[in-house]
Amino acid sequence: PPVANASDNSTVINGQLQLVKQQVLDVTCDGLADGAYTLANLTVGAIPGACLRYQVTVTNVGTATVNNVVVSDATPAGTTYSATVPASTTVGGVVAPANGASGTITATIGSLGPGQSAVVEFGIRINP
């Protein structure tokens, strides 16, 4: 099959926040990572029908509390949300599309103090 590429863009409005998005393969779509999360492109195993898990870490690297923190990420083109393990965040709450639908995953984190982080995790399935 032809090679498929997906791009991801991040926008940080407040310069005190650092955003890091990593991914890992979940070939059987059981919601469990098949290895360690990485920043590298996944070139082996990311095939139609397989799943990926994403981990987005937002950290306040500034010296003051940042309020009203919201992290939003959309399912990439050619994929749908996989709720085998529902989207989650370590701080705040998450709203996600229905299982098997495309759309935006939004984590309403709220306030992050200096040095504090929140981790958002969710899965997607590559369309067959």
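Residues were classed as buried when their relative accessible area was under 20%, as exposed when it was over 50%, and as partly exposed in between (1.4 Å probe, protein chains only). The model is predicted, so that local features need pLDDT of at least 70 and side-chain atom pairs count only at pLDDT 80 or more, whereas totals for chains, interfaces and linings use all residues. Residues are numbered from 1 along each chain as its sequence is written, and side-chain values use heavy atoms, with hydrogens and water left out.

Cys 29 is buried, with a relative accessible area of 8%. The residue is found in the loop between strand 1 and strand 2, strands being DSSP runs (E, at least two residues) numbered from the N terminus. Phi of Cys 29 is positive, near 60°, in a residue other than glycine. A positive phi of about 60° also occurs at Asn 68, which is not a glycine. Asn 68 lies in strand 3 and is exposed, with a relative accessible area of 69%.

Strand 1 is largely enclosed by the rest of the structure, because seven of its ten residues are buried. Strand 1 runs antiparallel to strand 2 (residues 51-60), and ten bridges join them; pairing requires at least two DSSP bridges between two strands. Within this pair, Leu 17 stands opposite Asn 60 of strand 2.

One salt bridge was counted, defined as a side-chain nitrogen of Lys or Arg within 4 Å of a carboxyl oxygen of Asp or Glu. Lys 21 forms a salt bridge with Asp 73, with 2.5 Å between the closest N and O atoms. The pair links distant parts of the chain, 52 residues apart, with Lys 21 in strand 1 (residues 17-26) and Asp 73 in strand 3 (residues 66-74). Lys 21 and Asp 73 are both buried.

Terms used: Helix = DSSP H or I, 4+ residues; strand = E, 2+ residues; numbered from the N terminus.
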